[in-house]
Amino acid sequence: MPSTNSPLIIALDYPALAPALTLVDALDPRRCRVKIGKELFTREGPRTIDAMHERGFEVFLDLKFHDIPNTVAGAVEAAADRGVWMVNVHAAGGRRMMEASAERLRQRGLETRLIAVTVLTSMTDDELQDIGVVGDALSQVERLALLTRDSGLDGVVCSARESARLRECCGEDFLKVTPGIRPASAAAGDQRRVMTPEAAMAAGSTHLVIGRAVTQAPDPMVALAEIERSLGLAG
Ligand SMILES: O=C(O)c1cc(=O)[nH]c(=O)n1[C@@H]1O[C@H](COP(=O)(O)O)[C@@H](O)[C@H]1O
């Protein structure tokens with residue numbers, strides 16, 4: 001499978017495989033990776049992963065596992081056995097859950113990257129208070145990122161607004177996968193902690209997850225090319 005140096009991950013949030021393939025067949029696996037999330041996976045299952053691999057794309061399986069250690073380690077192992085490039089869990093599942101998952105991949109010699117969601121990019125400081133979190137999003141993300149790093153994972157999902165802080169406390173190599181990416185002209189929708197692609201890369205994000213700004217654009221390929229141009233990536 002050809003690997004790509006592009007930081008771009010296109011979120012295939014579609015209700016069926018057919019429209020996802022329509023987009024993917026216009027994309028180039030040397031220019032981006034793709035993300036399969038809860039909606040597409042629940043409707044169409046593991047064949048979605050195989051369809052992307054057949055087309056040469058590396059896959060981020062975004063199912064955000066959050067359960068007891070034994071269950072999550074088994075789910076992470078199952079994802080890795082399907083050959084995905086990256087899989088995620090919720091850092092709120094705690095140290096033992098994350099350690100068990102990372103250890104399972106190591107024992108099996110599986111190279112799938114394992115990352116943890118810190119604070120969802122749709123959440124605000126007020127919403128964190130509602131669920132009993134003391135402190136703002138930035139300090140909660142930092143706390144969970146350090147826990148994730150100490151549990152032996154490869155990185156986190158966070159908003160780009162936290163990338164600069166995490167670069168300082170967790171280093172350049174620790175993956176900072178950032179959704180909530182919005183070109184200046186795009187609507188935020190349900191996202192709250194958003195940033196433009198250029199600002200996110202400058203802040204230290206290692207990967208940008210981009211969904212509706214491309215998939216819902218009048219011409220997705222024009223929208224993607226514009227993002228690549230803004231980042232100085234060869235189109
Ligand atoms: O883990 C994720 O990918 C994720 C974490 C997070 O905190 N926020 C977030 O938006 N995501 C995902 O990233 C994608 C963002 O999509 P857009 O808002 O359309 O760009 C969706 O597929 C979300 O499920």
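This is a predicted model: local features need pLDDT of at least 70, side-chain atom pairs count only at pLDDT 80 or more; totals for chains, interfaces and linings use all residues.

Student: What makes the 8 strands a barrel?

Tutor: They close in the order 1-2-3-4-5-6-7-8, with parallel pairing. On average, neighbouring strands of this sheet are turned by 25° against each other, direction ignored. Strands (E, at least two residues) and helices (H or I, at least four) are DSSP runs, numbered from the N terminus.

Student: How do you know that strand 1 and strand 8 pair?

Tutor: Two strands pair if DSSP finds at least two bridges between them. Strand 1 and strand 8 have 3 bridges, in the parallel sense, and therefore meet the definition. Leu8 has Leu208 as its bridge partner in strand 8, and Ile9 has Val209. Strand 1 also pairs with strand 2 (residues 33–36), again parallel and over 3 bridges; there the partner of Ile10 is Val34.

Student: Why are both faces of strand 1 called covered?

Tutor: A residue is buried if 20 or more other C-beta atoms, placed from the backbone, lie within 10 Å of its own, exposed if 12 or fewer do, and partly exposed in between. In strand 1 (residues 8–11), Leu8 and Ile10 on one side and Ile9 and Ala11 on the other are all buried. In a regular strand the side chains alternate between the two faces of the sheet.

Student: Why is Lys64 called partly exposed?

Tutor: Lys64 has 16 other C-beta atoms within 10 Å, and that count lies between the limits of 12 and 20, so the term is partly exposed. Lys64 lies in strand 3, and its phi is near 45°, a positive value in a residue other than glycine.

Student: What makes strand 5 mostly covered?

Tutor: Of the 5 residues of strand 5 (residues 113–117), 4 are buried. Strand 5 pairs with strand 4 (residues 86–90) in the parallel sense over 5 bridges, and Val89 has Ala116 as its bridge partner in strand 5.

Student: How is the packing of helix 4 and helix 5 described?

Tutor: Helix 4 (residues 69–81) and helix 5 (residues 95–108) pack at an angle of about 40°, with their axes 8 Å apart. Axes are lines fitted to C-alpha atoms, for helices over the stretch in contact, and angles run from 0 to 180 degrees between N-to-C directions. The crossing is right-handed; that term applies if the near helix is turned clockwise from the far one by less than a right angle, and left-handed if anticlockwise.

Student: Which classes of residue make up the contact of helix 4 with helix 5?

Tutor: The contact has 8 nonpolar, 2 polar and 4 charged residues. Ala, Val, Leu, Ile, Met, Phe, Trp, Tyr, Cys and Pro count as nonpolar, Asp, Glu, Lys and Arg as charged, and the others, Gly among them, as polar.

Student: Which residues come nearest to the ligand?

Tutor: Of the 18 residues around the ligand, Ala11, Thr121, Pro179, Gly211 and Arg212 come nearest. A residue counts as near if its C-beta atom, placed from the backbone, lies within 6 Å. The shell divides into 8 nonpolar, 6 polar and 4 charged residues.

Note on methods. Residues are numbered from 1 along each chain as its sequence is written.
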